[in-house]
Amino acid sequence: MDEHADAVREALLPLAVFGGWTRATYEFGDPLELLYALSRVSDALIYKFQPQLPPGSETPWAHDIHEPERWPHVTRAQYLAAFSRLGMTPIGEATFEPFFHEVVHVTQHQRPQAPVEITGTLWPGLMFGQMLFNRTGVTVRAGAQHLVAGIADRSPLHEVFMRRYRETLDGSLGWGHNSQWKTDFRRDYLTDTAFHFNVDQEPDPDQYLLGQPKTPTPTEQTDLVRHRCLTRPLQDPHASHRTSQIGRLTIPRT
């Protein structure tokens, strides 16, 4: 940090404002790839704030290629101090909002229509200007019309490298120890008027080479991009739930 914090903060600064940076030409190690690498550091530092995998779970791929149980344990204050050196600020107290909060555990409310209520916080979330860097990890109580226990807290989490308590999927999956660093960080922004999700996602012309998959309903697609995972059973269990096939999303703030 003493040697490199200022340089990293300056390199990332164009990303802090919505619309402030776009990739005109590709260059290895550009701000999106640098930010992805930094997110991997964050994943390592918040790993031990998280619960263990449920008994009987298969070991996620990211766990197989690392020894995460040997990663260091830091305090909340140490984590925040490190990333504050890079210009990041903690997400404050707020009612549940998928933009800010990652669901770690769901206690099912007896009333299906009961709203999502935060019952605990496991690790802090961070903003870099208007851009989300890392969501706050929370436990919640919710009715099944909003979040279903065993799905909202157990289905694969997209655009995340590693979590201790569940399977994750990101663009580094399947690539070697060099090529995986060409993975882009997913950018979500909060402006005065809207939540902007997955702003760099462009349609992939090759994604339907093997046939167009069945897609979730519009409501399911919106939930998938906002939460980065399934929250309830899909109406069509054969529908694809890859967020890269859904694209960007803007939701006005109320």
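1. Strand 10 (residues 194-197) is covered on both faces. A194 and H196 lie on one side, F195 and F197 on the other, and all four are buried. Note that this is a predicted model.

2. Strand 10 has a partner in strand 9 (residues 189-190). The two pair in the antiparallel sense, over two bridges. A hairpin of three residues connects strand 9 to strand 10. Within this pairing, L190 has F195 as its bridge partner.

3. Strand 10 also runs antiparallel to strand 11 (residues 249-252), and four bridges join them. F195 turns up here again: I251 of strand 11 stands opposite F195.

4. Now the cores. The largest nonpolar core has 38 residues. L15, L35, L38, Y79, F83 and F133 have the most contacts inside it. Each of the following supplies at least two residues of this core: helix 1 (5-12), helix 2 (31-46), helix 3 (61-64), helix 4 (76-84), strand 4 (126-128) and strand 5 (131-134). Helix 2 gives the most, with seven residues.

5. Which residues is L38 in contact with, leaving aside its neighbours within four places in sequence? They are L12, F83, L86, M88 and F133. F83 and F133 are themselves listed with L38 among the residues with the most contacts inside the largest core.

6. Nonpolar side chains tend to be buried together in soluble globular proteins.

Note on methods:
Residues are numbered from 1 along each chain as its sequence is written. This is a predicted model: local features need pLDDT of at least 70, side-chain atom pairs count only at pLDDT 80 or more; totals for chains, interfaces and linings use all residues. Side-chain values use heavy atoms; hydrogens and water are left out. A nonpolar core is a set of buried Ala, Val, Leu, Ile, Met, Phe, Trp, Tyr and Cys residues joined through side-chain atoms within 4.5 Å. Buried means under 20% relative accessible area, exposed over 50%, partly exposed in between (1.4 Å probe, protein chains only). Contact means heavy atoms within 4.5 Å. Two strands pair if DSSP finds at least two bridges between them.
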